[in-house]
Amino acid sequence: MNSDLDECPVLLFANRIDIRQVLPHRSEYTLLLNNLENAIALDFHHSHELVFWSDVTLDRIMKANLNGSNVEEVVSTGLESPGGLAIDWIHDKLYWTDSGTSRIEVANLDGTHRKVLLWKSMEKPRAIALHPIEGKIYWTDWGNTPRIEYSNMDGSNRRIIADTHLFWPNGLTIDYAGHRMYWVDAKHHVIERADLDGKNRKAVISLPHPFAITVFEDSLYWTDWHTKSINSANKFTGKNQAVIRSKLHFPMDIHTLHPQRQPAGGRNRCGSNNGGCSHLCLPSNKTYTCTCPTGLDKFLLFARRTDIRRISFDTEDMSDDVIPLADVRNSVALDWDDRDGHIYWTDVTTDSINRALWNGTNLESPAGLAIDWVTHKLYWTDAGTDRIEVSNADGSMRTVLIWENLDRPRDIVVDPIGGFMYWTDWGANPKIERAGMDASSRMVIISSNLTWPNGLAIDYHTERLYWADAGMKTIEYSNFDGSGRQVLINSQLPHPFGLTLHDDKIYWTDWQSKSIQSADKLTGLDDLLLMNICLVLLYSAVRTPCTVNNGGCSHLCLLAPAPKLSSCACPTGINLQVDGKTCTSGKLLSYLLNHSPCCTHTLLMLALNYIYWSDSTLKKISRADVNSTRYEDIISTGLMTTDGLAVDSLGRKIYWTDTGTNRIEAANLDGSMRKVLVWQNLDSPRAIALYHEMGYMYWTDWGEHAKLERSGMDGSERVVLINNNLGWPNGLAIDKAGSQLLWADAHTERIEASDLNGLNRRILVSPVQHPYGLTLLGPHIYWTDWQSRSIQRADKTSGTNIITVRSNLPGLMDIQAVDRERPLGFNKCGRRNGGCSHLCFPRPNGTSCACPTGILLKGDGRSCDDIPETYLLFSNRVSVHRISLDTSDNTDVHIPVPELHNVISLDYDSVDGKLYYTDVSLDVIRRANLDGSGMETVISQGLKTTDGLAVDWVARNMYWTDTGRNTIEVARLDGSSRKVLVNNSLDEPRAIAVFPSKGYLFWTDWGHIAKIERAHLDGSDRKVLINTDLGWPNGLTLDYDTRRIFWVDAHLDRIESSDLNGKLRQILVSPVSHPFALTQVPVSADPLNHFSSLTPLLSLTSSFSHTLLTASSLTRLISFILTSVINLYH
């Protein structure tokens, strides 16, 4: 915040699409936050330098720093129309009104420990104001009975203080010094005041359509919808009315930003230890109250398709609140694990089972729905695949339990005490079945008079099974074996769906009436409508054979009915040995389903217990272990369309093709030491396969001239094997035992084979509808087919005996086979990494050493430097990249500098090896090492739009232009000794450059009269060099040898140069599409001759295109500079 806020009040107001500040006496008007949807209410926390606002379109409460940085969601669920907001600056609490839910709620400033505070006799609560010094809340309600009320800040001692002559009481503010409150009524067109108890009420001013109001010292300030303005008047008389600011978009809430509006003298009733409270400590008059967040103890969970809610039994109204879960599309079934506080739910839109902590954090997607709370297993039904599956509660060790004779399995419940599971099936022959929790002893217990049996619930006390039938419109129960069947409720229920039991009550949801209802579980009477809203839920330590040493099982221990009590099971793809206890690895197929029609995924499973896959929508390569318990992104930058993926399990490398960048790359399995292997003469590289023992990699290319190629695994000895009669060669596999190459072609609809040199070509299977992925396992080939949505198998030598392995798999993509019993073999680079310092690659005649992308191998043929000799640095707003000029591939390498938001300018200090950059979203200047480490902020205040930055590497200073403040400033490289050099006759200063040996500073200005200027490095002797025939002079660079200036003009679309006095001007390149920044590259990098006459090569970036840089992934380039270890000019 600016230091002058202590002297001058600032009006902070919401303008729907933005939040702005205005100085009331000078009408100075500045933007704080923009690109908002519908900001209505706001407040601030002065000592924490935070602003809070509500958005009634997004139904969110947000916060940010008072300088506009660090925007965060505070409350993102359970809001309908949050029209009022107030901050308790003493106890650090957030209060808000919601006219949609008819509630007043409270939470910590970060949104945690949220509690419904007031709900009774509440219609449309609107404005809210706090008096934390007195421990009071004041609010307006413009429902059918408009009124103004107050209560203690814990919700107690509620009182109506005004309920006559009110219609639309909108704004409300408290005059702390005058012990009064002021409010506006938009219907009566008036501002009124009263004492804090409602007495001595008086009209102050008549107005068109006032909305919000604030007070400071002797003045009132308000927003008006009709005049679209901010106005002021004397708070005592209503006179001296003035327009502070007019022609606003849609002025909403308003506050005076000043320490007097949040006096620091109030006592914190909760003290330094939160009043000894475990959760919420709320002030109450002169004392405080400990209270709990809504729904912390007893609660009912229910799914409402797009959200999951909780009805608290802690409050009299049994109010509901939304569990803050992201991306709930269509939740149907849910369950709760009391041991670790996880909610589990199924989503039939995303075809997933998800879990999260009850507060919405740690969201996961294991494969799930019923919880075995004794052994901590997750059971679920899948009506799409007609299966019942089980896994550990974290989704690991998943296995299929039942897959035969299932039609459309729906709900499932488990009885860990008896060892049984029960499920409903509403297929062609609706039924309710049960089996042991290990799938043993399966039997149908109910098969007549059923239509759509939905929800199931177990009453462990009476040993009964309850179910809801949406077709029969009933709720029924029976004994666990199906005997003793009785109809509990037969009152033509519209569409009962979910079911649960708690104490002596049964609760159910109804899809048609969108409600939750309850009744007595024994009689069915006392039917009660709880609320209008679709599934429900609520919950003894039990000792089982699985409790001790996992029942002796190596993997899964599943409960079973007596006398067996338990049995061991293995995850899918692993076999149970004859001892009935131990699981061993075997052979398996792994395939990937893509549920997005816009992108391509590739999957590979290897023997090192990791699955690797690419996602071309997220532009990432990721991996997880086979139990899905460890997940990480290994490549997350510089990818476009990663269509092919292959893992060298022996050499511990991952290889991939990218049809977007037309490159083949490799890296270590963790993504480190990334290297471009092939980049020339590639059109659309697709599938890739490796033969480590031979040192070869093979790939298909289905560009304009489709072909199948081979090279060494280091990219050497490249040769085209096949380039005729190919269309869309997709899948590729190597049969090492049969010494043959196999590929699938979706255009010719064939699977073909040849020897490893591309000779002896033959058709193996034809026709094939649309083959995509291809793999081998034992004597068979397996492939995925997009058209038939199936996995097919055939003999690998003859192509005969074709069978369908799996069908009905929409979104089917790649497939890989894994034989864990097959030994890995000999690693050619295994001994001391082949003697290489960085990368070792197999090749046909041995191995070769290599360096990461952009770095040349040293003369010893084995070692590498850490960075290139000469390279370009550039930013693309949210990241910084490097392009080596030592190698010919021109590949950009991401530099992992953290927390980048909008980087505009950058420069490099060769002495300390530091990168300096400006971020105009955060309004900071920062520096970092060239590996991205050691990031620190050197200038953090008093910046608005720092468009240009230059480092004086000799005097150890940095210079910058600020377009927002129209200044040029200088400071030491650590940010100290800051000084304004130029602050007059600047319109929009942009690029800046220094010439230390001459003592010059140059800059461009593309304001109303564009110009290029020069001054001494102390700001003296300022001179305009060029002010004619300029449009938008953007980038600026200097040639220290020829002593010339170079600049780009984004309006005239050209590159020009002149001498250091602005003379001898010449156009170098025209046209250039919207150039932004430029630097120069000397032809020679000989440090002994760097003052000789050199011809520079110019490199530039453009908002829309770029020259010299050929890496096609570079987009929205903003700035880049030349840097060198030799550092010719620094």
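My entries on disulfides, salt bridges and strands follow.

**Ground rules**

I am working with a predicted model, in which local features need pLDDT of at least 70, side-chain atom pairs count only at pLDDT 80 or more, and totals for chains, interfaces and linings use all residues. I number residues from 1 along each chain as its sequence is written, and side-chain values use heavy atoms, with hydrogens and water left out.

**Disulfides**

I looked up the cysteines, taking a disulfide as a pair of cysteine sulfur atoms within 2.5 Å. The count comes to eight disulfides. I noted three of them in detail, with burial read as follows: buried is under 20% relative accessible area, exposed is over 50%, and partly exposed is in between (1.4 Å probe, protein chains only). Strands here are DSSP runs of E with at least two residues, and helices are runs of H or I with at least four, numbered from the N terminus.

Entry one is Cys270 with Cys281, whose sulfur atoms are 1.9 Å apart. The torsion about their S-S bond is about -95 degrees, so I wrote this disulfide down as left-handed. Cys270 sits in the loop between β24 (254–257) and β25 (280–284) and Cys281 in strand β25, so the pair ties together parts eleven residues apart in sequence. Both ends are covered: Cys270 is buried at 6% relative accessible area, and Cys281 is buried at 0%.

Entry two is Cys553 with Cys568, also joined by a disulfide, S to S 1.9 Å. I read a torsion of about -80 degrees about the S-S bond, so this disulfide is left-handed. Cys553 belongs to the loop between β49 (536–537) and β50 (556–559), while Cys568 is in strand β51 (residues 566–569), so parts 15 residues apart in sequence are tied together. Cys553 is buried with a relative accessible area of 8%, and Cys568 is buried with 13%.

Cys851 and Cys864 both lie in the loop between β77 (846–850) and β78 (870–875), so the pair ties together parts 13 residues apart in sequence. Cys851 counts as buried at 1% relative accessibility, and Cys864 is buried at 10%.

I also checked a cysteine without a partner: Cys292 is in no disulfide, and the nearest cysteine sulfur, that of Cys290, is 8.7 Å away. Cys292 is partly exposed, with a relative accessible area of 32%.

**Salt bridges**

How many salt bridges does the structure hold? I found 39, each being a side-chain nitrogen of Lys or Arg within 4 Å of a carboxyl oxygen of Asp or Glu.

Glu433 and Arg442 form one, with the closest N and O atoms 2.8 Å apart. Glu433 is buried at 3% relative accessible area, whereas Arg442 is partly exposed at 29%.

Next I looked at Arg956 and Asp909, which meet in a salt bridge of 2.6 Å, N to O. Arg956 is in the loop between β85 (948–952) and β86 (957–962) and Asp909 in strand β81 (residues 903–909), so the pair ties together parts 47 residues apart in sequence. Asp909 is buried, with a relative accessible area of 0%.

Arg1054 and Asp1029 form another, their closest N and O atoms 2.5 Å apart. Arg1054 lies in strand β95 and Asp1029 in the loop between β92 (1023–1026) and β93, so parts 25 residues apart in sequence are tied together. Arg1054 is buried at 11%, and Asp1029 is partly exposed at 48%.

I noted a network too: salt bridges that share partners join Glu123, Asp141, Arg147, Glu149 and Arg158.

**Strands**

Strand pairing needs at least two DSSP bridges between two strands. Strand β14 (residues 147–152) runs antiparallel to strand β15 (residues 159–162), with three bridges joining them. The partner of Tyr150 in β15 is Arg159. β14 and β15 form a hairpin with six residues between them, and Gly155 in the turn has a positive phi of about 90 degrees.

Back at β95, I found an open sheet of four strands in the order β93-β94-β95-β96, with antiparallel pairing. Its edge strands are β93 (1033–1039) and β96 (1066–1069), each pairing on one side only. Three bridges join β95 (residues 1054–1059) to β96, and the bridge partner of Glu1056 in β96 is Ile1067.
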